[in-house]
Amino acid sequence: MKIMLATKNPGKIKEITKILQYPDIQLLSHKDIEIPEVEETGMTFIENALLKARSSSDITGLPSIADDSGLEVDYLNARPGVMSARYSGEHATNESNNLKLLKELKGVSFEKRSARYRCVIVFTRFKNDPFPLISMGTWEGFIAESPKGTNGFGYDPIFFLPKFKKTSAELTDEEKNSISHRAIALKGIENYFVNQHNNSDDK
């Protein structure tokens, strides 16, 4: 089965293709079929992921997987949330988003810097799929006082994991892809394909 990844984010494409390696599916990206950017007008991660998956299925005629994810900081009342990618403005970059967040948390003690990554993965079989598969994952951590590490993307350089005594950006791909919010959410999608395969074998 060919499935379209409804994202142009190179970090997400890299992680999803590494994590979701099920033998019966072939993952395609915007490098294979051009897809437009979708305006993320939803108020929640689920709404935005659905918008992207349905748009991709409409344009390509293929089943689609879309990811919407972001960071919630407890001290900031769950901001940046759905605005994570655009937190520092219209032309936001990973660096500018990180700098804005660190500025807002300047002087805040470590125990009050608790945060989590959230990820929603949506799988649609076709544009108006009445039963899209929705899978979610959460990854708990804290916001560091300064960036460390060069791996990953987004807020990874300031997302500190006490268990590892490292930021997400200091983890290897293998470490991150076994425990991250995206890995957890994709597990639900993988289980769907496994169950579909097993059900077809039983017929």
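There are 19 salt bridges in this structure. A salt bridge here is a side-chain nitrogen of Lys or Arg within 4 Å of a carboxyl oxygen of Asp or Glu. Side chains of opposite charge can pair when their charged atoms come close.

Two notes on method before I go on. This is a predicted model, where local features need pLDDT of at least 70 and side-chain atom pairs count only at pLDDT 80 or more, while totals for chains, interfaces and linings use all residues. Residues are numbered from 1 along each chain as its sequence is written, and side-chain values use heavy atoms, with hydrogens and water left out.

Back to the salt bridges. Take E15 and R182. Their closest N and O atoms are 2.7 Å apart. E15 lies in helix α1 (residues 10-19) and R182 in helix α5, so this bridge ties together parts that are 167 residues apart in sequence. Helices here are DSSP runs of H or I, at least four residues; strands are runs of E, at least two; both are numbered from the N terminus. Both E15 and R182 are buried. Buried means under 20% relative accessible area, exposed means over 50%, and partly exposed is in between, with a 1.4 Å probe and protein chains only.

That pair belongs to a network. K12, E15, D67, D156, K176 and R182 are linked by salt bridges.

Next, K52 and E40. Here the closest N and O atoms are 3.3 Å apart. K52 is in helix α2 (residues 45-60), and E40 is in the loop between β2 (26-28) and α2, so the bridge joins parts 12 residues apart in sequence. K52 has 9% relative accessibility and counts as buried. E40 has 26% and is partly exposed.

One further bridge: R125 with D129, closest N and O atoms 2.7 Å apart. R125 is partly exposed at 37%. D129 is buried at 1%.

Now the rings. How many aromatic pairs does the structure hold? Nine. Rings of Phe, Tyr and Trp (its six-membered ring) pair if their centres lie within 6.5 Å; planes under 30 degrees apart count as stacked, over 60 as edge-to-face, and the rest as tilted.

F123 and F193 are edge-to-face, with 5.3 Å centre to centre and 75 degrees between the planes. F123 sits in strand β5 (residues 114-124) and F193 in helix α5 (residues 181-202), so the pair connects parts 70 residues apart in sequence. Both F123 and F193 are buried.

W139 is in strand β6 (residues 133-143) and F159 in strand β7 (residues 159-161), 20 residues apart. W139 is buried at 7% relative accessibility, and F159 is buried at 0%.

Y22, F123, Y192 and F193 form one aromatic cluster.

K100 lies over Y87, at 4.2 Å from the ring centre. The test for that is NZ of Lys or CZ of Arg within 6 Å of the ring centre and within 35 degrees of the ring normal.

On to the backbone. A cis peptide bond joins R79 and P80, with omega about 5 degrees. P80 lies in strand β4 (residues 79-80). In the loop between β3 (64-73) and β4 we find N77. N77 has a positive phi, near 55 degrees, and is not a glycine. At 68% relative accessibility, N77 is exposed. A78 lies in the loop between β3 and β4. Phi of A78 is near 75 degrees, again positive in a residue other than glycine. A78 is partly exposed at 32%.

What about the surface? I46, I134 and M136 form a nonpolar patch with about 250 Å² of accessible area together. Patch residues have over 30% relative accessible area and no salt bridge; like charges are joined within 9 Å, nonpolar side chains (Val, Leu, Ile, Met, Phe, Trp, Tyr) within 5 Å. M136 is in strand β6. M136 is exposed, at 54%.

Last, the whole protein. Five helices and eight strands. The order along the sequence is β-α-β-α-β-β-α-β-β-β-β-α-α. The C-alpha trace spans about 60 × 35 × 30 Å along its principal axes. Of the 203 residues, 46% count as buried.

Technical notes
Areas by Shrake-Rupley, 256 points an atom, 1.4 Å probe, with all protein chains shown as cover.
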